[in-house]
Amino acid sequence: MDAALEFARRALLHADVPIGAVVVDAQGRVIAGACNERELHHDPTAHAEVLALRRAAERLGTWRLEGCTLVVTLEPCTMCAGALVLARVQRLVFGAFDEKAGAVASLFDVVRDARLNHRPEVVSGVRVEESAELLREFFADHRP
């Protein structure tokens, strides 16, 4: 989670929501990471999770991220939850819950839907206060 939090702080450099994600291989090595880059690239799909998954797939030379763990500072949205299922990620670890858009526990539970062909293990609430504090500070400065 240290690496994901560091990526989240990088998002602040381009005024994006501070969310960070890393993909860790089966040996525990970080193989890719990203922060939100929506503002930087004017791309609504440039969420930290999607970018980290893309970079990991490129580095490994396969879209199947079997045996990998996605670590992210905020509960993934529907798009990101779907992407990690399609990437065959073995485990999802996240920090803060997202009551407005979370698709792992808060609003939906995409990743554990029995109708899908892959369901990763989920570990939630890891360093939740640090993850949530980054978001609180960001939105305190960006919302009236």
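Colleague: Which residue in β4 is the bridge partner of Leu70?

Modeller: In this predicted model, the bridge partner of Leu70 in β4 is Leu92.

Colleague: Why is strand β4 called largely enclosed?

Modeller: A residue is buried when its relative accessible area is under 20%. In β4 (residues 91-96), 5 of the 6 residues are buried, and the strand is therefore largely enclosed by the rest of the structure.

Colleague: Which elements make a β-α-β unit, and what is its hand?

Modeller: The unit consists of β3, helix α4 (residues 78-86) and β4, and it is right-handed. That term applies because the path from the first strand over the helix to the second runs clockwise when the strands point away from the viewer.

Colleague: Why are α3 and α4 called roughly parallel?

Modeller: Helix α3 (residues 48-60) and α4 pack at an angle of about 20°, and their axes are 9 Å apart. Angles under 35 degrees count as roughly parallel, and α3 and α4 are therefore described in that way. The crossing of α3 past α4 is left-handed. On the α3 side, Glu49, Val50 and Leu53 make the contact, while α4 contributes Met79, Cys80, Ala83 and Leu84.

Colleague: Why does Ala15 count as partly exposed?

Modeller: Partly exposed covers the range between buried, under 20%, and exposed, over 50%. Ala15 has a relative accessibility of 44% and therefore counts as partly exposed. This residue is placed in the loop between α1 (2-11) and β1 (20-24). Although Ala15 is not a glycine, its phi is positive, at about 55°.

Colleague: What makes Arg127 partly exposed, and where does it lie?

Modeller: The relative accessible area of Arg127 is 32%, so the residue is partly exposed by the limits of 20% and 50%. Arg127 lies in the loop between β5 (121-123) and α5 (128-142). Its phi is near 55°, a positive value in a residue other than glycine.

Note on methods
Residues are numbered from 1 along each chain as its sequence is written. This is a predicted model: local features need pLDDT of at least 70, side-chain atom pairs count only at pLDDT 80 or more; totals for chains, interfaces and linings use all residues. Side-chain values use heavy atoms; hydrogens and water are left out. Helices (H or I, at least four residues) and strands (E, at least two) are DSSP runs, numbered from the N terminus. Buried means under 20% relative accessible area, exposed over 50%, partly exposed in between (1.4 Å probe, protein chains only). Two strands pair if DSSP finds at least two bridges between them. Axes are lines fitted to C-alpha atoms, for helices over the stretch in contact, and angles run from 0 to 180 degrees between N-to-C directions. Angles under 35 degrees count as roughly parallel, over 145 as roughly antiparallel, 65 to 115 as roughly perpendicular and the rest as oblique. A crossing is left-handed if the near helix is turned anticlockwise from the far one by less than a right angle, and right-handed if clockwise. Contact means heavy atoms within 4.5 Å.
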